[in-house]
Amino acid sequence: MGSIAAVNPFQDVPAGRTGPLETLVGQFRADTDPNRTDLLVGVYKTDQGKPYVLPSVKEAKRRIFNDPDWHHEYRAFAQGSPVYRKLSEELLFGPDHRLLREKRIVSTQTLGASGGCHVGAVLLAQHYGPWKQTGNPEIFLPTETWLNHPHLFEAAGIKTTLLPYFNSKTNKFDFAKFADAVKALPAQSVVLLQSNAQNPTGSDPSPDQWRELATIFSERGHLAFFDAAYPGFASGDIDTDLESVRLFAEREIPLIFVSTYGKSFGLYSERVGILSVLAPSEQVGKNIEAHLRLLARAESGAPPDFGSTIVETVLSDEALRAQWREELRHMANRLKSRRIALREALEKLETPGNWAHITEQNGMFSYVGLSVEQVTLLREKYHVYLQDSGRISIAGLNDFNTEYTASSISAVVKATASH
């Protein structure tokens, strides 16, 4: 019997690519200029540019470390502890919500919002009826969306198609174009929405626009795939920022909802997320829960426990929960103050253009309206790093770099004004 020549089965794998954000982060870290400014990554820092650990989180950790029964063994539930899931559902959908009483919201702990999007994508790819009928899994994303969204869905075998979202001339959400595009989609399409503080634009629908979108989704039978990475960072109040999700749920619009505590609790590296599905009945909810359990096992075997225990500790204590809400409000207000400072500095420098959109947008990010040429010049001449799209991380501004950032932007805009 002849032998088979040894062949490396991976020899035809093409060279990998580094994502654009990772490339820019690498360039920033290699930059030795004393004025280098990082406006790339959405991580809230203090006004002095230092990492911020919420006092409520510090207290929760103190209690955990002092608990003699705390351990690192596997937890009993692949979907995360029942307490974590219950507290999350009550926080995100509102306590004593009708759908919770009817046991029609089913949830699983996830590895941040990225893991939640991936689990939701796999669940849809395997079980979403309209896709199974057509054999054409496809999700519709805003043209301006988080850079990782397309990768997460395409990795699950789902085609991604873009919808118009942002008007670069007005630097605002283009509701008319987006609503018309959603209306024109085939019935029972899947559309990704961000509940608030939209990444990357910082531009959200108004309450009236959310209501109109909910009507369109209801009439067309669309499924809303909500990604809520920043609840609380738009208005300062988590309930206000999640009104859109609760509106869609109350109207019985098919719904997958992903959220993370990475931003609101400052637990970025702990990867603490939650995925919830609105089921049409309690029995279907039990069926979905069984599949979520299998997906959770496939994703991580057992969910990481430390971050979720911190969240449990805070949310289960009334005083600590109230303290956390105030700390979240504080972060949102500081971001608003930084927007005001950047806008005022640009206007004081008589920078060409209208900069009102900086304070009209909200959350961690702003589309400031710079061209690729201007962004490149900012990096190469002034060592101010932002994405080619012109997205600025407002969270990266602080007492030491806001004036320099404004002067650099002003110089670049003036230098390219005739282009």
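## Glu89 and helix H3

Glu89 is found in helix H3, where helices (H or I, at least four residues) and strands (E, at least two) are DSSP runs, numbered from the N terminus. The model is predicted, so that local features need pLDDT of at least 70 and side-chain atom pairs count only at pLDDT 80 or more, while totals for chains, interfaces and linings use all residues. Residues are numbered from 1 along each chain as its sequence is written, and side-chain values use heavy atoms, with hydrogens and water left out.

With a relative accessible area of 12%, Glu89 is buried; buried means under 20% relative accessible area, exposed over 50%, and partly exposed in between, with a 1.4 Å probe and protein chains only. Leaving aside its neighbours within four places in sequence, Glu89 is in contact with Gly94, Leu100, Ile105, Val106, Ser107 and Ser276, contact being heavy atoms within 4.5 Å. The C-alpha atoms of Glu89 and Ile274 are separated by 8.8 Å, although these residues are 185 residues apart along the chain. Helix H3 (residues 82–93) lies across E2, strand E9 (255–260) and E10, and runs at about 70° to E10; such axes are lines fitted to C-alpha atoms, for helices over the stretch in contact, and the angles run from 0 to 180 degrees between N-to-C directions.

## The seven-stranded sheet

An open sheet of seven strands has the order E2-E10-E9-E8-E7-E3-E4, and its pairing is mixed. Its edge strands are E2 and strand E4 (159–163), each of which pairs on one side only. Direction ignored, neighbouring strands of this sheet are turned by 25° against each other on average. Two strands are said to pair if DSSP finds at least two bridges between them. Strands of a sheet pair through backbone hydrogen bonds, either parallel or antiparallel.

The antiparallel pairings include that of E2 with E10, joined by seven bridges, and that of E9 with E10, over five bridges.

E10 is mostly covered, since seven of its seven residues are buried. Val272, Ile274, Ser276 and Leu278 point one way from E10, whereas Gly273, Leu275 and Val277 point the other way. Gly273 in E10 is the bridge partner of Thr110, and Gly273 is likewise the bridge partner of Thr260.

E8 is also mostly covered, with six of its six residues buried. Leu223, Phe225 and Asp227 lie on one side of E8, and Ala224, Phe226 and Ala228 lie on the other, with both faces covered. In a regular strand the side chains alternate between the two faces of the sheet.

## Helix H11 and Ser244

Helix H11 (residues 243–250) packs on the sheet, touching strand E7 (190–194), strand E8 (223–228), E9 and E10, and its direction makes about 155° with that of E8. Ser244 is found in helix H11 and counts as buried, at 4% relative accessibility. Leaving aside its neighbours within four places in sequence, Ser244 is in contact with Ser195, Trp210 and Phe226.

## Helix H12

At 1.5 Å a residue, the 19 residues of helix H12 (residues 282–300) should span 27 Å, and the end C-alpha atoms of H12 are 26 Å apart, which agrees; the expected span is 1.5 Å times one less than the number of residues. Gly285, Ile288, Leu292, Leu295 and Ala296 are buried in H12. Seen down the axis of H12, these buried residues fall within an arc of 105°, so they line one face of the helix, the arc being that of the directions from the helix axis to the C-beta atoms.

The cover over the buried residues of H12 includes strand E2 (105–111), helix H5 (112–127) and strand E10 (272–278). On the face of H12 turned away from its buried side are the exposed residues Leu294, Arg297 and Ala298. Just after H12, Gly301 takes a positive phi of about 75°.

## Annotated span

The UniProt annotation "domain: Aminotransferase class I/classII large", from an unreviewed entry, covers residues 37–409; UniProt positions are given in the numbering used here, feature names are shortened, and annotations may be inferred rather than shown by experiment. The span of residues 37–409 is 47% helix and 15% strand, and its end C-alpha atoms lie 12 Å apart.
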